[in-house]
Amino acid sequence: MADSSVDSLLVTDLSNVFYLTGFTGSAASVVVTQGGLYLLVDPRYTMQARAECASSSVIEYSGVPTSAAIADLLNDLNPKRLGFEADQMSVSVYRAIRSASKSSISFRTTRGLVERLRRVKYPGEIAIIQKACEIADDTFSALLEEISIGMTEKEVALLVDTTLRRLGADKESFDTIAASGPRAASPHASPTDSVLEPGAMLKLDFGARYRRYNSDITRTVCLGAPDKKQQQIYEIVLEAQIKAIEAIAPGKPGWEIDATARDHIASEGYGDNFGHGLGHALGILVHDGPALSQTSDVVLESGMVVTVEPGIYIEGWGGVRIEDDVLVTDSGPKILTSATKELLSIG
Ligand code: ZN
Ligand code: ZN
């Protein structure tokens, strides 16, 4: 806050509210001052906030719009220079708060102050993410026994989701991707009624949300025995992924890790078939900020958790992606997801 020349910060992004206070409900705002945290909730959440947020002053409001309640709190706290999250607040909410607040309060735009803190995880956060990864790993193992040729992609996705929850996830991290055959050429295909055919590949991208943190894993398997091309493409992607993971170290910029995988894929002749970035930060959000891409100048730090997910996508043929979650440490990359990466033949 001092670096941004503000003495107080209004936080309206719910992921940031959770990070600062521990509040897990779906509506709240926080004002951070030099003296403390003030959590503003409506009566639906008062008991929950008091139970979850022992280090915050919980303030209940009712009968007025949130913007009026925020302005009242600001008028009480009377900051000189108030930062607000410019990427999170709508113009109309900003105007409503501004017009109801004392004119002596100077409103300053800030961007990514809390997100910056969220990049490096505490040991307690890492332990939760590790557990979310273990649930995803266990889910993949269980799926291998249950997925069979003739199922539809939607049936597979439902199986993924119920297995995640059965094995301890609070919910899915995001809408599960199950794409088979030529449909897997689209990196983020949503599941359809299309049926798993023998000889096709199946790409599964899913994750467990556990105590508000996420895991995110992709595995690509063969329905039946892989042919030569499937094997060859799979090996290129796997090699690119392993090389990129090995390159991860504190002090390195995100683009360099991306280039490690991208250069390998290009050297094998598939440079035009890997269109997306190599990976993203992972945490309270699945896409918890930038991390590894051609344009990323994020410098890796010990305690960051990133995904590494190169892929090769060929229109009319299909696609292969392999994704793991990796903790950056001073003693090298620690892979948090450990589901097998051998090219499996199932069904
Ligand atoms: Zn994923
Ligand atoms: Zn991902």
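Predicted model: local features only at pLDDT ≥ 70, side-chain atom pairs only at ≥ 80, totals over all residues.
**Stop 1: the zinc ion (ligand 2).** Select the zinc ion (ligand 2) and show its protein donors: Asp216 (OD), His280 (NE2), Glu309 (OE) and Glu323 (OE), at 2.1 to 2.2 Å from the metal. The 4 donor atoms subtend angles of 76 to 152°, so the arrangement is irregular. For reference, ideal angles for four tetrahedral donors are 109.5 degrees.

**Stop 2: the bridging aspartate.** Which residue bridges the zinc ion (ligand 2) and the zinc ion (ligand 1)? Click on Asp216: it bridges the two ions, which lie 3.1 Å apart. Asp216 sits in the loop between strand S11 (213-214) and strand S12 (217-223), while Glu309 is in the loop between strand S15 (305-308) and strand S16 (311-314), 93 residues apart. Colour by accessibility next. With a relative accessible area of 3%, Asp216 is buried, and Glu309 is buried too, at 8%.

**Stop 3: the largest pocket.** The largest pocket holds about 220 Å³ of space. Of its 15 lining residues, those closest to the centre are His188, His276, His280, His287 and Glu309. Coloured by class, the lining shows 4 nonpolar, 6 polar and 5 charged residues.

**Stop 4: an open sheet.** Switch to cartoon and find the 4 strands in the order S8-S9-S12-S20, an open sheet with mixed pairing. Strand S8 (177-180) and strand S20 (345-346) are at the edges with a single partner strand each, so one side of each has no neighbour in the sheet. Zoom in on S8 and strand S9 (residues 201-206): they run antiparallel and are joined by 4 bridges. To see one pairing, select Ala179, whose bridge partner in S9 is Lys203.

**Stop 5: two positive phi values.** Most residues other than glycine have a negative phi. Asn78, though not a glycine, has a positive phi of about 55°. Look for Asn78 in the loop between helix H3 (66-77) and strand S5 (81-85), where it is partly exposed at 38% relative accessibility. Then jump to Arg211, with a positive phi near 45°. Arg211 lies in the loop between strand S10 (208-210) and S11. Is Arg211 buried or exposed? At 52% relative accessibility, Arg211 counts as exposed.

Terms used:
Residues numbered from 1 in each chain as written. Chains lettered and ligands numbered in written order. Heavy atoms only, no water. Pairing = 2+ DSSP bridges. 1 Å grid on protein atoms, 1.4 Å probe; cavity = no way out; pocket = protein on both sides within 12 Å on 5 of 7 lines; lining within 4 Å. Points joined across faces, edges and corners; volume = space filled by probe spheres on them. Nonpolar A, V, L, I, M, F, W, Y, C, P; charged D, E, K, R; others polar. Donors = N, O, S within 2.8 Å, 3.2 Å for Na, K, Ca; no water. Tetrahedral: all angles 85-135°; square planar, octahedral: opposite > 155°, others 65-115°. Buried < 20%, exposed > 50% of the residue type's maximum accessible area, 1.4 Å probe, protein only.
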